Structures are given as C-alpha cells and as structure tokens.
Amino acid sequence: MKKSALITGILGQDGPYLAKFLLEKGYKVYGLVRRYSNPNFDNLDYLGITGQVEYVEGDLTDESSLYNVIKNLRSEEIYNLAAQSFVGHSWEMAKLTTEVNALGVLYLLNSIKTFAPTTRFYQASTSEMFGLGHTNGYQDEGTPFHPRSPYGISKLYAYWMTVNFRESYNLFTSNGILFNHESPIRSLQFVTRKITDGVARIKAGLTKKLALGNLEARRDWGFAGDYVEGIYLMLQQEKPDDYVLGTGENHSVKEFVEAAFAAAGIAKWQDYIVIDPRFKRPAEVPSLKANPKKAKDKLGWEPKASFKELVKMMIEADLKRYGVS
Ligand code: NAP
Ligand code: GDD
C-alpha cells in the first residue's frame, strides 16, 4: 500500500517542491485547494507534476471543510503549508492572517484529533517568530520568541497549538521552524524574486528601475528544494519534535541585489535601485541567522545550495522567462 500525504498550500512555493519529493518516494499525494474560479497551477506545471497530484477542496478558514477532507482521506501524513505568508501584508490584513495562520491550524489539529489520531502532522512554523530574539546572533530551538508582525504572532499561536496537541493528546505533531527559502517559483512579492524578476526585466529593456524598501535587513536564505527534505524527515522520526532549518549564514537585501545584478552581467546596480518607503515595514526584523545544528544531528539534514548558487538559479530562470540571457 502506498503511503499517502495531504499537503495544504499545494499551489504555493513549497507545496509543489514537497509534492515532487513525496511523489518520487512513491507517495499518493493529495493537495488542498481553495474554492477558485481559476486556480493557478503554474508552480506545479513548472515542476511537471500537476497531473500527479489529486486535488481536494477546502479552506483553512472553514472548519467543516477541513473536517470532511481529513475524515475522508485519513492520510498517514499532513503537511500544513497553507498560510497568508506575506509578512508585509499582515499589518493591513491582521484578521485574515490570524484566521488562516492561527485558527486554521487549530481547526486542522482538532480534525486530526477527532478523525485521524494516528496521522502525523507538520506545521510550517517560521523564523519570523524569533523577530528580535537571538542567541549570540543566531536563532535555534531554544531562542526566545519576540515576533514583530501580525504574521509572526499568528504563526506563534499555531506553533504553540502544535506543541500543545502533542503534549495534551499524545499526537504526532511537529513544527519546522524554517528560515527564508526561495526558488524560481517564489511568489513575486517576496524580495528575492522581486529582485531577480526586476533585474531580468531591466536586462530585457522592459523597465529602468526597481523600487525596494529596507536594504539593510539580513536574512538566512536557502533553496526551497533543499528544505522539503528536512520537512519530510521531521515526520519520519520516532518521536515528534520541533526543528530549525536554515543555512547558518545570512546576507543583507543589498548583498542579494548586488549578487543578482552581477549574475545578470549588469554593472553598477546603484543606477537602477530606488528606495520607496511603501516597501518598508512598521516594525522590521533586522537579522535572522539559523543555528541548524539540531536538524543536522538528529535528522541528518543539511542544505545543499549556497547563496551564490541560489541567486544564479533564480536569475537564470527569470532571464529565461523574459527570453534574455
Ligand atoms: P506561499 O507560496 O505563500 O503558499 C501559501 C499557500 O497557502 C498558497 O498556495 C495559498 O493558496 C494557500 N492558502 C492561503 N490561504 C489559504 C486558505 N485560507 N485556505 C487554504 N489555503 C490557503 O508560501 P510558501 O513560501 O510556499 O510557504 C509555505 C509555508 O511555509 C507557509 O505557511 C509559510 O508561512 C511558511 N514559511 C515559509 C517560509 C519561506 O521562506 N518560504 C519560511 C518559513 C515558513 P492560493 O495559491 O490559493 O493563494
Ligand atoms: N517583500 C519585500 N519587498 N521585502 C523587502 C523589500 C521589498 O520591496 N525591500 C526590502 N525588503 C526586506 C523586508 O523588509 C524584509 O526585511 C526582507 O526584505 C525580506 O522580506 P520578504 O522577502 O518579504 O520575506 P520575509 O523575511 O518578510 O518573510 C519570508 O520569510 C519568512 C521566514 O523568515 C516569508 O516567506 C514568510 O512567510 C516566512 O515565514
């Protein structure tokens, strides 16, 4: 019998990479899709797996839809990747962000407890929960949380609910506390893809400027394709637990800009960047840098792609999209 897994957030960035990874392992993969007139399968198409996933309808804000899906499927594993995941929008849409990212997880956990108590559950937690918190400049599983955005706060609720269902009901529920991970199918609103898309548009002669916010923020950027293996490994352990995944290295937005223009063969990036206060945040997370030692020791997980390789991969994909190289 094939093992089965339900992935929420299947149409996003991580969903398709995880689905591909699980399909290659022989899983039957179900993907939760919201009710849409025109769902967008571009990211699954990009990885060539659209037809290999079975889609089920549901919404994280609709408890009964989740009850039905979980009751009907009773899959061995559930990976909850669905979220209002854009930090920048979470101030304007704090209620929606909370309903999806916090309450949605409570609904999932309640459904699992009621209908599928042997199902293993992965919660997509985030380094945004650390915010200002750090341990000697790094963040690990023991670092205190100090979230700086409604997004980070909503994810902290979900993190603790995931821990609480494990402790209260003995369910297999694990948090992956993932640092930023990117790819050629990263949504355009996130800074890395905004930059690589912008640089490709400049190279193609479609625009002359790229508007950004805070260039000094530092992030620990890895490749999404590497991180889904760590996610999978968390649910294969004997016991549920929480793990940080990251590279252990960080770079500023400015360094990403420099690297992206250089990878596209454009000199003097300063000629193209304009600072637009609209892209600055009411409260910023200045620096995130993982200490992924626990994941390495316990899961045997390590990221493969370097910062330079990540930038190159994203730039090449965007140049190709615009027909330039
Ligand atoms: P993403 O590209 O934004 O994908 C999120 C997905 O969630 C989208 O496909 C979206 O569906 C779906 N979704 C949103 N609201 C929903 C709802 N009410 N019901 C059902 N589905 C809903 O995010 P990602 O980068 O793949 O990240 C995956 C998860 O990891 C997210 O939970 C994110 O917060 C977390 N995370 C990401 C990173 C990172 O650097 N990428 C780091 C740490 C944690 P539509 O396509 O229909 O809009
Ligand atoms: N999006 C965006 N757009 N960010 C900008 C811009 C801009 O024009 N200019 C500067 N930045 C800065 C942001 O202020 C932030 O400090 C940094 O670039 C990264 O922003 P994002 O790419 O939007 O990602 P994020 O770090 O806020 O959140 C991502 O990573 C989290 C994990 O740490 C998302 O994927 C979250 O869902 C995830 O949890």
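I take helices (H or I, at least four residues) and strands (E, at least two) as DSSP runs, numbered from the N terminus. I note that this is a predicted model, in which local features need pLDDT of at least 70 and side-chain atom pairs count only at pLDDT 80 or more, while totals for chains, interfaces and linings use all residues. Residues are numbered from 1 along each chain as its sequence is written, chains are lettered from A and ligands numbered from 1 in the order in which they are written, and side-chain values use heavy atoms, with hydrogens and water left out.

**Entry: helix H1**

I looked up the residue just after H1 and found glycine 26 with a positive phi of about 90 degrees. H1 itself spans residues 14–24 and is mostly covered, with nine of its 11 residues buried. I use buried for under 20% relative accessible area, exposed for over 50% and partly exposed for values in between (1.4 Å probe, protein chains only). Among the buried residues of H1 I list Asp14, Tyr17, Leu18, Phe21 and Leu22.

Proline 16 also lies in H1. Its relative accessible area is 0%, so I record proline 16 as buried. I then listed its contacts (heavy atoms within 4.5 Å). Leaving aside neighbours within four places in sequence, proline 16 touches Ile10, Leu11, Asn43, Leu44, Leu47, Ile49 and Ile185. I also checked proline 16 against isoleucine 315: the two are 299 residues apart in sequence, and their C-alpha atoms are 20 Å apart.

**Entry: domains**

I took the domain bounds from an automatic or database domain assignment. The protein is divided into domain 1 (4–181 + 222–245) and domain 2 (187–220 + 250–287 + 306–321). Their contact takes 17 residues from domain 1 and 15 residues from domain 2. The centres of the two domains, taken over C-alpha atoms, are separated by 27 Å.

**Entry: ligand 1**

I counted a residue as near a molecule or strand if one of its heavy atoms lies within 4 Å of it. Of the 24 residues around ligand 1, those that come nearest are Asp14, Arg34, Ser85, Tyr151 and Lys155. One of these, Asp14, is also among the buried residues of H1.

Strand E5 (120–126) and helix H5 (150–169) each supply at least two residues of the shell. E5 gives the most, with three residues.

I then looked at polar contacts; the term means a pair of N or O atoms within 3.5 Å, and within protein one must be able to donate a hydrogen and the other to accept it, with residues adjacent in sequence counting only if both atoms are side-chain atoms. A nitrogen atom of ligand 1 lies 2.8 Å from a polar side-chain atom of aspartate 59. An oxygen atom of the ligand is 3.1 Å from a polar backbone atom of alanine 83. For arginine 186, I read 3.2 Å between a side-chain N or O atom and a nitrogen atom of ligand 1. Taken alone, ligand 1 exposes 890 Å², of which the protein buries 88%; such areas come from the Shrake-Rupley method with a 1.4 Å probe, and for residues only the protein chains shown count as cover.

**Entry: ligand 2**

Around ligand 2 I find 24 residues, and Ser85, Thr126, Ser127, Tyr151 and Arg281 come nearest. This shell has 11 nonpolar, seven polar and six charged residues. Domain 1 and domain 2 each contribute at least three residues to the shell.

The side chain of arginine 186 places an N or O atom 2.8 Å from an oxygen atom of ligand 2. I read 2.8 Å also from a ligand oxygen atom to a polar backbone atom of valine 191, and 2.8 Å from a ligand oxygen atom to an N or O atom in the side chain of lysine 194. Taken alone, ligand 2 exposes 720 Å², and the protein buries 96% of that.

**Entry: two loop residues**

Asparagine 170 sits in the loop between H5 and E6. Its phi is near 65 degrees, a positive value in a residue other than glycine. I record asparagine 170 as exposed because its relative accessibility is 70%.

Phenylalanine 179 is in the loop between strand E6 (173–178) and strand E7 (181–182). With a relative accessible area of 1%, phenylalanine 179 is buried. Its contacts beyond four places in sequence include Ser127, Phe130, Gln139, Tyr227 and Leu288.

Note on methods. Nonpolar A, V, L, I, M, F, W, Y, C, P; charged D, E, K, R; others polar.
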